Every structure is written in structure tokens, then in C-alpha cells.
Amino acid sequence: MHDDRRLVEARLRRVLDERIRPAVYPESVPLDVAVWHAPGEPVPVAEGLAAEPEPIEVGARWGAPWGTSWFRVTGTVPEAWAGKTVEALLDLGFDENMPGFQCEGLVYRPEGTPVKGLNPRNQWVRIGAPVEGGEEVRLHIEAASNPVILDYHPFQPTRLGDKETAGSEPQYTLTRMDLAVFDETVWQLVLDLEVLGELMHELPTDSARRWDIVRAVDRALDAVDLQDVNGSAARARVRLETVLSEPAAPSAHRISAVGHAHIDSAWLWPLRETVRKVARTTSNMTALVEDEPEFVFAMSQAQQWAWVKEHRPEVWARVKKAVADGRFVPAGGMWVESDTNMPGSEAMARQFVHGKRFFLDEFGVENDEAWLPDTFGFAAGLPQIIKAAGSKWLLTQKISWSQTNKFPHHTFRWEGIDGTRIFTHFPPVDTYNCSMKGSEIAHAARNFKDKGVARHSLAPTGWGDGGGGTTREMVAKAARLRDLEGSATVVWETPAEFFEKAEAEYPEPPVWVGELYLELHRATLTSQARTKQGNRRSEHLLREAELWAATAAVRSGFPYPYEDLDRIWKTVLLHQFHDILPGSSIAWVHREARRTYERVAEELTGIIEAAQRALAGEGDRELVFNSTPHTRAAVPAGGAATPTVEGHTRLTPRPAGGHLLDNGLLRVEIDDDGLVVSAYDIAADRETVAPGTAANLLQLHPDFPNMWDAWDVDEFYRNTVTDLTAADEVVAEGDNAVRIVRTFGSSRVTQLLSLAPGERRLLLDTEVDWHETEKFLKLAFPLDVHAERYASETQFGHFHRPTHTNTSWEAAKFEACNHRFVHLEEPGWGVAVANDSTYGHDVTRTVRTDGDGGTTTTVRVSLLRAPRFPDPETDQGVHRFRHALIPGAGIGDAVREGWRINLPERRTTGAGEVSPLVTVDQDAVVITAVKLADDGSGDVVVRLHEAHGGRARATLTANFEVADVTATDLLERPLPETPERDGNRVPLRLRPFQLVTLRLRRAESGA
């Protein structure tokens, strides 16, 4: 037989495009359209419905950037259409290739009932099936003219990312507003042919199955009357029945399809628009659940559910019903799909506390899975947090974006820093926007790395990023793929159903130890420095507010601010979303975030000061409140007292030029360029700075990545560097500090280097008035340390990374995340660099070829970038950073100094000392939270962990009468194990990095 395969394939493409698809709507009549453009921000639904619109014609331009237009469409169903299915086709000017990234709409009935959302892949509204003819149609559309930020030529700087700079030019052209007859038979034929045509392209050219499909498609097209597609569609479908009914092979890969609409809580749109995106998507998905009995939809991010409840009660009622029916599934158990690299220990825990509690309170649903398909890498401390929250599974697909190394598994157990293992799945479909295309299904089956030992994978199915969700076309394709020869099988299932099956069939999968590092988007650790500083500051203010409010509540009956703390936590958690905290959102998002963090700081400071006043009492004694988990200048952790400081610092001229700081512990030499040429540990008789180098070295790189400007820094940035050594001013400041001023480009840096009495740390306060473009600013510390690995703090511990580049995996980690410190050491002596607000850093090593032949290990802190997309003014302006260089530091010193630099002392006057509410007698055991129980019982909750990476014995002592102690999960629910107790003392034995939460019932509470 002659090979006419390409002839048939070309025939199929043209007939589908030019004859069959247009015949889905064979008859149409125009609707009358009028529009009212809301001034300013979106208005309440009732106001939009009541507004008096003006006529507008199809073809007219509409919609200023970020505007809201209320369209009213009216018409009458022709009498001749009686008995037919009729839909309204409402095209606001969509580009079907940009679902989620364009204008969108939510359709309402005249009384305000939401009907469904409109987006580029979902433009229809069902009017009747069948109609009687003569029905009056009246619909209202709340249309958002969100501008396209990420266009066909991506990453171009644009002012459209902020309403204040976007202008008023109309963005869209009204394209179609019709009533139309919907021919379901033709629609079904389209899907038959699409599924078979897509499958055909994925099969080997010499396979019998492919040729069976070729012949069946050819026969079906022969049956189509091109002048009467609607009259011949049924006949064509009959000729496809045999090939569509052939069952899949028993060994076929099995895909659990989960209805999905990944909605970024903010990204190329502001938070307020996400509220509406969620309403549109949930309206569509609840309708699809009602129409399709097998379809299951899962939605993560409790914050988004809360928005629906607060802003769209009518939609919320439909959502609650669908959840009760088991078809609309709360997923993930987190407040938002957060970044997981940068959130601190408590914040990462609270993502699960607030997310899981919302779903439990609203629906009685316990989430066993963490659902993070789009997060930019995963910190090594996360597995035990997932477990401590009562969950056991993790899903993501983002690691498939890695540029250098292909991850070796799709299903595996992920082991964190404490040894906790979490059953983890990476969908081999390699997208969270699966649309049921044959190419996607075939890729999932081919790509699956665990063949021979497992055969299940998951496919998040539906348009996402900007929302939209699953379409009726995707559901119809999935029905055809349920059991189809040549294809993987597809069935709609909940995430839990998938994980139960996957874990049962693969009980002993391989293990991956340590972080899940994304070899991409590394610059998100630095972009938008103010957002990152706001997050770090908020996390520590929340610690202080809880600690002092709980202490004051127990000591003096201070009213514990449950509701305020709950609300503020949720605000901070929202801003840890994986496009806000990473700095990859539009200017509007970060402008609002800065204002939000200012309000959070003001409110939390008020709570802290009120609690401390209640604790201090009336008096004139100077008191210092110590919020860190370690004693500080004789002030106990979690207490207040008068500090004691021993020693003094001498500031003298340096003979070779510059200045010398000496406090008897450290001797620091600063040359006349303001560079630290020596940091000498006097007790250890050891130099910190590598020979021939200088610390406190600012370095400037060009920074123009190949793609994803705010997200990426490409390794070639290192090829060119400018050392900023020239100083405008290097002068003594007070008794123990040196001030340095540098200018470069259009920017200015002012630094204060100080060495306080009795402290073994050099503080570096850096102010940068930053006005560069596409540049990367680093702060370097070349250290005389031979280290093959270094530690960087992560949630509830630290994680080691190599300093060498033996393999491509190690070389790819040229920019990584730390929290409050990095630490490196030789046996018996080490150095730490602590920070108050930076995350990105790099560590490299070289062997000196002259002199002593020793090793120089250089720690560089990432300060600022200046990408132009999606915010063309990223980080312009004044920034302040604080870092500390700690020579002679062990890991315990690094932990302690990391806390100290982030929790400065608070001074007040009062009657006398304030004893801590709880204490622990072992520095390696760090208390991360002291608070009252969320249930209002008055119980004291203490969260602690082993922080040094070894085993620890410690005793927790409560300085109040304790009636009972319970070990709990993060949600403060009791665990099976019962802690020992000796009165108010709780003896503890902790494994390396073990996380423990204890609930102490107060004797006087009577509970």
C-alpha cells in the first residue's frame, strides 16, 4: 500500500479548521451590547448591574489598562431555533493562546447570580438545551481589561505593570457578541478527530495502530459532506467508533487527571485582580462539576478559598455544595502556594497551620498532600514541616524546568535535614496546565522515569497561571482516553486517590536526600529587596509579638490578641506567595507589598510595646528585652533585665593607612579604601581574611539573563566584574566605628563598620542609594578557610552544600539560598556571615598558587539587582542592609548571631527584671515560638528544635505552674507520644534538627 499518511494528516487539519469546527455553531444572530466603564477600582456587583450603560458595537475598542467595564448583552432567541441547544458566544477580544493573561469576564444574570467566567478558551454561556424559541436573553459581564504583560515577544520592559503608570489607551477590541445554535454532534466529531489525530502523531510510523487510525480518519472524512457538515457529522462519527473503542494495553501508563487551575495569587496582576480571577474560575468549575459526573476539580491555597467566601458568597454556596459532593477538592493544606526557600521556620510552619485549619474548619477536610506545582525549588527543611503538619505527600513539577541536570525520578521519597522522608511525585507530563493533548499524554508516558516498578502519574489538567481551569473539551478528551489503544489511560481522581494508589504500587521508591534545587530562577533570592526585607522583618516582629503577649498574658492577664495575630500572620503568609516574596511580580504588587509591610510593622510594634509595658510595670530601672532564644549580655532569652557589657573597643589609626578596631577579642584593620584587610581572632591567633585579599569588597556585575529577567541570573554574569574599591570617604565614627562612602555609576554606598565591646563580630551596616540598570551588586568576604562544604541556615536547621564543582549538580548551584547565616569551618575554627534581610549568596574556593598555597573560600552576599521586567524600576532607591562577620565561629555561634542580628534589643524602663516564661538549658536547642494556643484555651505552646545538627539533651522549664504537657503537631493537636514531666520541667532528647511542639496546660486555667 502506498504511504499516504501525510496526505491524510494534511486533509484532517484543513477540514477540521475550515469546515468542521466552524459548523459547531451553524447559525447565529447578534446580541445588542451596551457598556459602562467603572471609574477607578472595581465596584460592587450591585453597582455594576445598576449602572446605566451606553451602546457599543462589535469592533469597538474598549478597556483602559486595569479597568473594569460592565457589558449588558440582550437579545431574543429566534422562534425557528425551538428544540435546539443555544449558547451565547461572548468574545471580549480574546487571543486564545493567552488564557489567564488577558481580559477576562464574569457573567451575571440580572438579579446578580454569577453564571460563569469568560476567558480566551471559554467564551460560551449556555442559554438553553433545548430552547423553546422566543426567550428573552439578558446577561451582564463584569469585564476586566487586564493588559498583556508577558507578550509574544516576552520580557520587554513595560509601564503597564502598575495602574499609576499604565495610561488609559484601550487594550481590546470587542470581537463577537452573538446568540448561536450549538451542534453537539459536530462538537463531538471535532473531539473524536482531535483525539485520534493527536494520538496518531505520537505513534510510531510503522505501527499497525497508527495505520488503523489513518484509515479510519480517512473514511470519516469521506463521510463528511463539506456543504452539509451538520447533516453528515453523525455518519462520520460512526466510522470512528471502532478505533475509539479499542482498549488500551494492560501495561499502558495510567494517568490520574486532576482538574486544576493554577492561579498565581499575584504575578502579572495585583492581589485585587486575583480575587476576581478566583471567582471566575470557581464559577466555571462548579458548573463543570454539575455537568460532568466523572470530573473532579482540586483547588489549593486556602487564601483563595477565603477570598471566594468573603467576596463572592453566591459562588461560595456552589463551592460548598461541590465540596460536600466530593467533586471540588481542597488541596495542599497551605495558606498559599508559597516560596519554600526564603520563608523562615515559623512562617513555613504557619503556612500549613493556617491552610489546613481553614479546610478543616470549613469542610472537615484533612489534607495529606502538599501541593506546590510552581514553586521555585524546595528547602531541605521542608519534609519534617510537612510531616509535623500531619501530611505525608508532596507534589511539584517545577524541577522539570531545571536547565542543567535532569532529575532522575518522578516518584521517590524525599529526605530532609532531620531524616524525615516524604513520598513525592513529579508529574511526568511536565506541566501544571495539561490540556489533554495527545502530545502531553504521550510525553507523560514516555518521560516517566519509574517504568518497570511503577506506572501511575498525575496530570494537573486545566488552564492556569492566571486561572481559567478545566474546559468541557478537556473533559471530553479525557473520556475518550479512559481506555484507548496506543495511549496512556486517563481517569479523573482526587490527589489523595492518586497518592494512595501510587504509594501502594511503589512502597520502596528511591530516596533523594537534601534540597530540591531548581537550576533556574536563582535571582528570585535577590530581586525586590524591599519585599524580602519586609518579609524578614515581619517574621521576627511576629515572633516578638507572640512571645511578649503570651508572657504578659500569663504574668499579668494582658489580653492576648488572638484575632489580630491570626489576621497579621495570614497577611504575611499571603505575601510569601511564590511570585511576591521572590520578587517576580509587576510593580503594582511590590508597591502594595511595601505599604502592607509598613502597616504590619506598625501594628506588631504596638502589640510588642503594649505587652512589654504590662510586663515592665512602673519604674525607672533601665530594662532590655531579649527576644532571641539565647542569653544576651546577661539578659536571659525571653526575659528582660539590665544588660552587662564587659570590655571596650579602641579605634586607632592604622600605620599603613586607614583605621584599626580592637576590642581584645578581634582586631580589625580597615585600609584607606575602606576594605577589611585583616580580621584577626586574638584568642585563636588566627587571621580570617585570606592573604592578598580584602573583605567588605563590593563587586558589580552586568546582569542581563537570556530569559526571565526578574527570575534568572545566568552563570555568565561572573565573566565580568568590577571591584568597587575607590572610596570617597573613610573616617572614624564615634569610639568603635568607621564610616565609608563610595560612589559608582549613578549610585552611592554608605557603610558603617563597627566593633562593639565584648563582641566577636564585625558589624557592617550598608546603605545603598541604587540607581543602576541590569546590574548585580555583591558583597564579598574572601576567607582563609579550607572547606569543602559550608552550612546555610534553612527552616529548623541548616543544610550543607559543597564549595567545589566536581559534578554538574554542584556547578549548577552557583547561587543559593540561606536564611540568617552561612558558616564554614576547618576542624576547631570557623567563620560565619550573618545577615538581617538577604537570602541569595554564592560560595567559591580557590587554591593560592603563590605564598602559602592555602585555600581561599569566598562568601559573597547578593545585595541588589536591577532587572527591567516585569517591573522596569526594580529596586531603584535607598536600601539598608546589615551583615556581621564572625571569626572563630562554631555552628552554635552562627545560629546565635543569626538570631541576634535579626532581633535587636528593645529598651524601656520599668520596676524590675522580667523572667522568661519558659527556658531551655541547652544552647543547641532553640525555641522558635512561644505563644498561647490558637483555640483560646490559655495553654502555652512552645516550639523548639535542635539547631546544631547533633543529638541534644535539654530540659525545658516553665516559669509557671503546669498541669499537663502534651506533644502536638503544628496544628496543636495531640500526638501519641507523651512527654515526661517533672513538675514544671520537661526533659528532652532530640535527634539532629528534630522539631518538637509542646502544649503546656496551665494549672490556674482549670482546663
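Hi everyone, let me start with Cys103: its relative accessible area is 0%, so Cys103 counts as buried. Cys434 is buried too, again with a relative accessible area of 0%. Please keep in mind that this is a predicted model.

As a reminder, a disulfide is a covalent bond between the sulfur atoms of two cysteines.

Now let's move to strand E7, residues 104-108. E7 is mostly covered, with 5 of its 5 residues buried. Which way do they point? Glu104, Leu106 and Tyr108 point one way from E7, while Gly105 and Val107 point the other way.

With strand E10, residues 136-145, E7 pairs in the antiparallel sense over 5 bridges, and Glu104 has Ala144 in E10 as its bridge partner. With strand E8, residues 114-118, E7 also pairs in the antiparallel sense, over 4 bridges. There, Gly105 stands opposite Leu118. The hairpin of E7 and E8 has 5 residues between the strands, and Gly112 takes a positive phi near 100°.

Leu49 sits in helix H2, residues 45-50. Is Leu49 buried or exposed? Its relative accessibility is 17%, and the cut-off for buried is under 20%, so Leu49 counts as buried. Leu49 and Trp70 are 21 residues apart along the chain, with 7.6 Å between their C-alpha atoms. Thanks, everyone!

Key: Residues are numbered from 1 along each chain as its sequence is written. This is a predicted model: local features need pLDDT of at least 70, side-chain atom pairs count only at pLDDT 80 or more; totals for chains, interfaces and linings use all residues. Side-chain values use heavy atoms; hydrogens and water are left out. Helices (H or I, at least four residues) and strands (E, at least two) are DSSP runs, numbered from the N terminus. Buried means under 20% relative accessible area, exposed over 50%, partly exposed in between (1.4 Å probe, protein chains only). Two strands pair if DSSP finds at least two bridges between them.
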